[in-house]
Amino acid sequence: MENIFKGLEPASVWNYFNEILKVPNPSKQEEKIIAYLLDFGKKNNIDTKRDEIGNIVFTKPATPGYENRQGVVLQGHMDMVCEKNSDVVFDFEKDAIIPRIVDGWVKATGTTLGADNGIAVAAMMAILTDNTIEHGPLECLITVDEESGLTGAFALEEGFVKGKILLNMDNEDEGQFCIGCAGGKDTTSTFTFEKEEIPAAHKSFELSVTGLNGGHSGDQIDKGLGNSIKMINRILWFASQEFGLRLADIKGGNLRNAIPREAFAKVLVPDAFVAEFKKFVLAFEKDLQAECSVTEPNLIVSLKDIATPSYLIDELTQSELLSALYACPHGVFAMSMEIPGLVETSTNLATVKVKDNHIIVGTSQRSSVETAKEDVCSTVASVFYLAGADVEHSDGYPGWKPNSKSDIKNLMVERYKKMFNKEPHVLAIHAGLECGIIGEKYVGMDMISFGPTIKNPHSPDEMMEIASIPLFWKFLLDVLKNIPVKN
């Protein structure tokens with residue numbers, strides 16, 4: 001594959017990023033990227049450790065004259081969110097990401113790009129192989145499975161890293177420093193249904209809602225983006241009452257931490273109502289397009305003939321499911337009273353799928369307040385309990401409480417103003433970061449998160465701003481050079 005990044009600076013970062021795009025790295029299936037990183041360490045004679053779960057730490061000694069500086073841990077994750085458009089043929093376990101450059105941004109072709117968090121890994125690799133960079137004792141920690149469970153961070157053991165300063169490079173706006181984040185938890189609800197025979201005098205269709213933007217269920221939950229599951233359920237709910245629609249299958253969304261972009265349902269409608277049902281769907285599409293004209297200009301609702309399914313979901317379970325999906329909250333639950341503009345608590349109706357005789361609904365909840373997180377989890381659970389579903393909660397992960405007196409934050413603000421003659425934006429975010437978990441594992445570690453500009457993560461529209469990379473790189477090297485001496 002041609003390296004489309006030739007000529008971009010810093011060349012070493014782009015070269016490593018180009019290599020990473022060729023290595024499959026889905027969450028929970030990181031064997032190939034782990035092997036690639038271990039081989040990188042071996043080829044470059046870098047002190048390399050891997051723990052049992054797959055986390056990797058590279059250690060680089062201080063530049064001569066910098067031995068007395070405080071130890072720094074650069075940190076990012078090796079896995080990526082695997083989202084693609086339904087009409088794109090792509091195997092994330094085998095295929096290389098195909099990048100393209102459009103108007104100053106790097107994008108993939110119909111899939112997520114993996115800049116979240118591949119660009120952090122590329123930056124670490126570039127630092128590890130460049131002996132002209134000035135820095136104190138340095139460790140590069142690259143974790144597994146950040147996107148689907150944070151299991152790499154949870155599995156970190158005492159002593160795996162020794163540095164007392166953590167520079168997490170998983171924030172997605174250049175000039176923005178994150179010092180706190182929300183905690184999260186998943187709620188999964190399961191309906192068990194009976195398979196019913198297909199009745200006579202019915203027509204079979206596939207109903208679909210596609211063309212939505214999707215997005216990160218933390219960073220973009222307050223942007224008014226459409227939810228394909230909520231949209232298709234509205235149609236199904238009304239059509240079941242108006243036309244006797246019966247449901248054979250439903251599928252929407254792919255990931256717990258992504259706002260669903262597409263949803264599909266196989267349905268049957270009595271012959272007597274087919275014409276009216278088709279008109280109803282066309283009218284509903286226009287209504288949804290009018291509602292979402294600003295945020296979802298490419299929304300499409302379509303209906304196509306299909307072969308008759310082999311069974312129907314029993315009528316009672318169908319009614320319970322559609323009512324629960326309608327009642328299930330989605331979006332912002334509460335805004336922070338302490339930090340203007342910060343979402344405090346939210347919930348994402350993320351996935352629905354049929355497996356054997358079960359319908360599984362996945363949701364995720366986030367909050368920077370632990371008790372509020374438990375409250376919104378219970379709110380979602382109560383909807384599905386009332387509908388007769390079995391409900392389970394994940395263990396969840398902790399938030400990261402902001403430390404406004406952080407020494408590394410103060411240093412980075414000072415250096416940023418000196419370098420760029422402007423104030424950086426210091427904030428807490430609603431997305432989850434590994435910092436909360438790492439902070440519990442390594443008590444007293446001073447942490448901050450920053451990075452280059454990435455838009456629309458967790459969707460096929462993910463893109464990274466080329467101009468932000470040299471700014472991020474130049475600033476990172478300046479911070480490493482100016483880390484203070486040990487107390």
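Start by selecting Thr 363, which lies in strand 20 (residues 358-367); helices (H or I, at least four residues) and strands (E, at least two) are DSSP runs, numbered from the N terminus. You are looking at a predicted model, where local features need pLDDT of at least 70, side-chain atom pairs count only at pLDDT 80 or more, and totals for chains, interfaces and linings use all residues. Residues are numbered from 1 along each chain as its sequence is written, and side-chain values use heavy atoms, with hydrogens and water left out.

Is Thr 363 buried or exposed? Thr 363 is buried, with a relative accessible area of 2% (buried means under 20% relative accessible area, exposed over 50%, partly exposed in between, with a 1.4 Å probe and protein chains only). Now show its surroundings: not counting residues up to four places away in sequence, Thr 363 touches Asp 186, Thr 187, Cys 328, Asn 348, Leu 349, Ala 350 and Val 380, where contact means heavy atoms within 4.5 Å.

Zoom in on the side chain of Thr 363, which reaches the backbone oxygen of Thr 187 at 2.9 Å. The Thr 363 side chain also makes a polar contact with the side chain of Gln 365, at 2.9 Å. A polar contact is a pair of N or O atoms within 3.5 Å; within protein, one must be able to donate a hydrogen and the other to accept it, and residues adjacent in sequence count only if both atoms are side-chain atoms.

The side chains of Thr 347 and Gln 365 make a polar contact at 3.0 Å. Thr 347 is buried, with a relative accessible area of 1%. Leaving aside neighbours within four places in sequence, the contacts of Thr 347 include Ile 221, Pro 329, His 330, Ser 364 and Val 380.

Next, go to Ala 201, in the loop between strand 10 (195-196) and strand 11 (202-210). Which residues does Ala 201 contact, leaving aside its neighbours within four places in sequence? They are Val 269, Pro 270 and Asp 271. Draw a C-alpha to C-alpha distance from Ala 201 to Asp 271: the two are 70 residues apart in sequence and 5.6 Å apart in space.

Now for the helices. Select helix 5 (residues 228-243) and helix 6 (residues 274-291), whose axes come within 11 Å and cross at roughly 145 degrees. Axes are lines fitted to C-alpha atoms, for helices over the stretch in contact, and angles run from 0 to 180 degrees between N-to-C directions. Show side chains where they meet: Met 231, Ile 235 and Phe 238 are among those of helix 5, and Phe 277, Phe 280 and Phe 284 among those of helix 6. By class, this contact has nine nonpolar, no polar and three charged residues (Ala, Val, Leu, Ile, Met, Phe, Trp, Tyr, Cys and Pro count as nonpolar, Asp, Glu, Lys and Arg as charged, and the others, Gly among them, as polar).

While you are here, pick Gln 318 in helix 7 (residues 315-327). Gln 318 is buried, with a relative accessible area of 4%, and its contacts beyond four places in sequence include Ser 240, Leu 245 and Arg 246.

Finish with helix 9 (residues 407-420) and helix 11 (residues 468-481), which pack at an angle of about 125 degrees with their axes 10 Å apart. Among the residues that meet are Met 412 and Tyr 416 in helix 9, and Leu 471 and Phe 475 in helix 11. The residues of this contact divide into eight nonpolar, no polar and three charged.
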